[in-house]
Amino acid sequence: MRIDYFASEDVRVSPERDGVRISLGMFNTASDIDRVLDVIKERGKKARRSSKAA
């Protein structure tokens with residue numbers, strides 16, 4: 001997943017080798033974590049749809 005995708009979804013991540021790093025802080029909530037997971041799942045759905053179209 002690319003950093004620009006997360007940025008477009010207002011999710012902050014850090015670049016790490018060939019991917020991204022998602023870190024939690026002491027002020028993150030369960031809803032913050034759920035939001036990141038939803039963003040990742042949605043990206044996976046979009047990737048599957050685009051590969052079927054090819």
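I33 counts as partly exposed because its relative accessibility is 34%, and partly exposed covers the range between the buried limit of 20% and the exposed limit of 50%. This residue sits in helix α2 of the predicted model.

K41 counts as exposed because its relative accessibility is 52%, and the exposed class begins over 50%. On the surface, K41 gathers with K45, R48 and K52 in a patch of positive charge. Like charges are joined into such a patch within 9 Å, provided that the residues form no salt bridge.

The charges can also be taken over the whole protein chain. There are 12 positive and 9 negative charges. The mean position of the positive charges and that of the negative charges lie 5 Å apart.

How many salt bridges does the count come to? The count is 1 salt bridge. Side chains of opposite charge can pair when their charged atoms come close. Here the partners are R2 and D4, with 3.8 Å between the closest N and O atoms; the cut-off for a salt bridge is 4 Å. R2 is classed as exposed because its relative accessible area is 57%.

The fold can now be set out as a whole. In the protein chain there are 2 helices and 2 strands, and along the sequence they follow the pattern α-β-β-α. Along the principal axes, the C-alpha atoms fill a box of roughly 45 × 25 × 15 Å.

What share of the residues is buried? Of the 54 residues in the protein chain, 11% are buried, a class that requires under 20% relative accessible area. The chain exposes about 4700 Å².

Contacts complete the description. Among contacts in the protein chain with a separation of 6 or more, 47% are between residues 24 or more positions apart.

Methods
Residues are numbered from 1 along each chain as its sequence is written. This is a predicted model: local features need pLDDT of at least 70, side-chain atom pairs count only at pLDDT 80 or more; totals for chains, interfaces and linings use all residues. Side-chain values use heavy atoms; hydrogens and water are left out. Patches are made of residues with over 30% relative accessible area and no salt bridge: like charges are joined within 9 Å, nonpolar side chains (Val, Leu, Ile, Met, Phe, Trp, Tyr) within 5 Å. Accessible areas come from the Shrake-Rupley method with a 1.4 Å probe; for residues, only the protein chains shown count as cover. A salt bridge is a side-chain nitrogen of Lys or Arg within 4 Å of a carboxyl oxygen of Asp or Glu. Lys and Arg count as positive and Asp and Glu as negative; His and the chain ends are not counted. The place of a charge is taken as NZ of Lys, CZ of Arg, CG of Asp or CD of Glu. Buried means under 20% relative accessible area, exposed over 50%, partly exposed in between (1.4 Å probe, protein chains only). Helices (H or I, at least four residues) and strands (E, at least two) are DSSP runs, numbered from the N terminus. Contact means heavy atoms within 4.5 Å.
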